[in-house]
Amino acid sequence: MKINPSVSIIIPTYNRASFLRTAIQSVLNQIYPNIIEIIIIDDSSTDNTEEVIKELLSVDHRILYKRHVRNRGVLATKNTGLDLASGEFIGILDDDDELFPDAVNILINKHLEAPMFKIIFANCIRSDTKQFSGYGLSKNTVVKYEDVLCGRVHGEYWGIFAKALLGADRFNENMRGLEGHLWLKLYQRSDAYYIHKPVRLYRVGHTSIITTAEEVPGLTAQTYGKFIEMYKEDFVKFCPKYLSKLLYIKAYFAVISGSKKQAIKDLFESFRYNFLNWRVYVLLIWLPFPTRLVKFLDRWLQVSKEKLFKVLKMLA
């Protein structure tokens, strides 16, 4: 007889009281019988988040609540949840999203069927387009470390992982934007299995609390630089063309932050791994232009390319 492993669901939250109740309720509605705790970590919200949670504490004994004394950021909030989690498997749910009732059941059943998979994930549905939010996968399949590293799997998915894979590792709170570093460590320790079904509603279209990359281009360029440095050897081994793409992106953000000398170095290094990367040539031509014009031209190029793809798809 197979025993259902225990599961902890972590919900980090900050000033999302209007969505939080729905997120928590979606976990309470799970048909999987062994979700032992729903850990709500409040990053010192200033709205009525605390009132909402305290009201729900009396509804179900599995709801655990911890509030940060001061705002520490999303990575620290997730780390607090990971420190408290006691389940054999862990899932992290955004405070404005919803799990479908059979989400955890679908994922755990795959692990029970094939225990070698310690990471199991599935797709999500966007709230605006009602389309899948995860890209690169079109059927049930094994997913390896290099698939994730090389950007073959991207977008929004939702899954669970075995706590045993985590060990003492946590999100690096000093490396903003590099949340994927921890996930890559887990993928180095276990192959994953992807299920081509939606298990979460991924809410989009409301005001985001996340600063966009272009608002802090210098920091974004540094983040890409750290990521490339950490995994450069593997990029060269598994996907040098993807490394070329990342170097181009780093160079773009260096340009719009005013660091054009660094951008030139990054662009020439990008050539080393893919001299056919046409966007590198384009950005080199744009280098003498003012930053605003470079940003405008980049957006125009993106829109034009998307329109061309749509036309070609219609003609196909």
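## Aromatic rings, charges and a disulfide

F227, Y231, F235 and Y242 form one aromatic cluster. The model is a predicted one, in which local features need pLDDT of at least 70 and side-chain atom pairs count only at pLDDT 80 or more, while totals for chains, interfaces and linings use all residues. Residues are numbered from 1 along each chain as its sequence is written, and side-chain values use heavy atoms, with hydrogens and water left out.

Rings of Phe, Tyr and Trp (its six-membered ring) pair if their centres lie within 6.5 Å; planes under 30 degrees apart count as stacked, over 60 as edge-to-face and the rest as tilted. By this rule there are 14 aromatic pairs. One of them is F121 with Y157, which is edge-to-face because the ring planes stand at 90°, with the centres 5.3 Å apart. This pair links distant parts of the chain, 36 residues apart: F121 is in strand β6 (residues 119–126) and Y157 in strand β10 (residues 157–162). Helices (H or I, at least four residues) and strands (E, at least two) are DSSP runs, numbered from the N terminus.

F121 also forms a tilted pair with Y194, at 5.4 Å centre to centre and 45° between the planes. Y194 lies in strand β11 (residues 192–202) and F121 in strand β6, so the pair ties together parts 73 residues apart in sequence. Both F121 and Y194 are buried. Buried means under 20% relative accessible area, exposed over 50%, and partly exposed in between (1.4 Å probe, protein chains only).

| Residue | Relative accessible area |
|---|---|
| F121 | 5% |
| Y157 | 13% |
| T223 | 14% |
| C124 | 0% |

T223 belongs to helix α8 (residues 217–238). Leaving aside residues up to four places away in sequence, T223 touches R176, G177 and L178, where contact means heavy atoms within 4.5 Å.

Charges also meet rings. A charge sits over a ring if NZ of Lys or CZ of Arg is within 6 Å of the ring centre and within 35 degrees of the ring normal. The charged end of K110 is over the ring of Y193, 4.0 Å from its centre, and K78 lies over the face of F171, at 5.7 Å from the ring centre.

The structure holds one disulfide, a pair of cysteine sulfur atoms within 2.5 Å. This disulfide joins C150 to C239, with S to S at 2.1 Å. The link of C150 and C239 is left-handed, with -80° about the S-S bond. C150 lies in the loop between α5 (145–149) and β9 (154–155), and C239 in the loop between α8 and α9 (240–256), so the pair ties together parts 89 residues apart in sequence. Both C150 and C239 are buried.
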